[in-house]
2 protein chains.
Amino acid sequence: MPGPPWWYGKFQNAGHRVTLPRQIILGILSRTSKHLSAEEIYLSVHRTYPAVGLTTIYRTLQLLVHLGIVFKFDFGDGRSRYELTASQKQKHHHHLICRRCGRVIDYTDFIEEEREVFNKVEKILSQKYNFKINNHQVHFYGLCDKCQ
Amino acid sequence: MPGPPWWYGKFQNAGHRVTLPRQIILGILSRTSKHLSAEEIYLSVHRTYPAVGLTTIYRTLQLLVHLGIVFKFDFGDGRSRYELTASQKQKHHHHLICRRCGRVIDYTDFIEEEREVFNKVEKILSQKYNFKINNHQVHFYGLCDKCQ
DNA sequence: TTTCTTATTGCAAATGGTTTTCATTATCAT
DNA sequence: ATGATAATGAAAACCATTTGCAATAAGAAA
């Protein structure tokens, strides 16, 4: 798949430079289907590019979230976790979180049906509260099979 | 409304003591409709009971979350916020969060489809992933009227 | 290609919410 | 009333994340 990646334009428009660390980080995010933390990304980057510092990871993630390229999640384990908003590896999904062991399951079941409802709800909420809604997240909390 | 409060049994069953700080904290949570942070609760407690320390607030909240009496939320402002899971003041609701100013709006006026989908999805997910689901949270992210 | 402006980076130090340690206090079963 | 021990408060420790600043590099202009 040649040509510039899909996020390229978002950088240009906002006047941000396409630097090596940023490309590497985006590469990692686009190749995983996990919810990586800043440190995990740092370690992954560090294997091939030891010169990149943890600070850059944090600053880049902050930028990516701001540009709407990445979602930031809190699953309750004391650190933020990040996912691309769009990629081959990441279809739109919601989360099932175990309160005991912290396991997170992505599910896409009924996502279409959910999406229809959410579209409708978003439209209603946008009007009622005069809110410009960009995205949503759904978390179900409970106990996984091993922890019951 | 006389008699012991609804959470009393949960304490007893788990062998936890009903102490003054715990009663005060639960009192505050049951009288508010806001999403209070640990520090806000501390300050509120402190006005009438200056002897209660911040540490106790944290430990109590941790216990309450564990007992399922309180929900812990992360709205992205760098601190956790807490709400009773059940009370006169708190009906089940979802959140609308402004990415810019951090304002959080609760909404409870669900449309029928919304309820149906959640009931259905919850049931199916429980079976498919053998998860015992206790609750869910829904966050819509966007820009509020003032921040657009 | 070379130059120049300035956004970006790395390191170290600072921040700040939350947790831990430990001696003291208070709950509640006996 | 008493005793076992859960709970508490104060201070210190933790640790994910942010900030200050001098050095570096992206990308527009020449």
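Which pattern does chain A follow when read along the sequence? In this predicted model, the pattern of chain A is α-α-β-α-α-β-β-β-β-α-β. Helices (H or I, at least four residues) and strands (E, at least two) are DSSP runs, numbered from the N terminus. Along the principal axes, the C-alpha atoms of chain A fill a box of roughly 45 × 40 × 30 Å.

The model is predicted, and local features need pLDDT of at least 70, side-chain atom pairs count only at pLDDT 80 or more, and totals for chains, interfaces and linings use all residues. Residues are numbered from 1 along each chain as its sequence is written, chains are lettered from A and ligands numbered from 1 in the order in which they are written, and side-chain values use heavy atoms, with hydrogens and water left out.

Within chain A, strand 2 (residues 70-74) and strand 3 (residues 80-84) pair in the antiparallel sense over five bridges. Pairing requires that DSSP finds at least two bridges between two strands. Asp74(A) stands opposite Ser80(A) of strand 3. The two strands of chain A, strand 2 and strand 3, form a hairpin with five residues between them. In the turn, Gly76(A) has a positive phi of about 90 degrees.

The protein chains meet through 39 residues of chain B and 38 residues of chain A, where contact means heavy atoms within 4.5 Å. The area buried between chain B and chain A is about 3,700 Å². Buried area is the accessible area (1.4 Å probe) that two parts lose on being put together, summed over both. Carbon and sulfur atoms give 63% of the buried area. In chain B, Phe131(B), Phe140(B) and Tyr141(B) lose the most area to chain A, together 18% of what that side buries.

Four salt bridges are found between chain B and chain A; each is a side-chain nitrogen of Lys or Arg within 4 Å of a carboxyl oxygen of Asp or Glu. Lys120(A) forms a salt bridge with Glu113(B), with the closest N and O atoms 2.2 Å apart. Between chain B and chain A, 17 residue pairs are in polar contact (both at pLDDT 80 or more). A polar contact is a pair of N or O atoms within 3.5 Å; within protein, one must be able to donate a hydrogen and the other to accept it, and residues adjacent in sequence count only if both atoms are side-chain atoms. Strand 6 of chain B gives the largest share of the side that touches chain A, twelve residues. Strand 6 (residues 132-143) of chain A and strand 6 of chain B run antiparallel and are joined by eleven bridges. One bridge partner in strand 6 of chain B is His139(B), for Gln137(A).

DNA strand D is surrounded by 21 residues, each with a heavy atom within 4 Å of the strand. The closest are Tyr58(A), Thr19(B), Ala51(B), Thr56(B) and Arg59(B). Sugar and phosphate account for 63% of the DNA strand D atoms that come within 4 Å of the protein. A polar backbone atom of Val18(A) is 2.8 Å from a phosphate oxygen of DNA strand D. For Arg59(B), a side-chain N or O atom is 2.6 Å from a base nitrogen of DNA strand D. Helix 4 of chain A supplies the largest share of the surface near DNA strand D, four residues.
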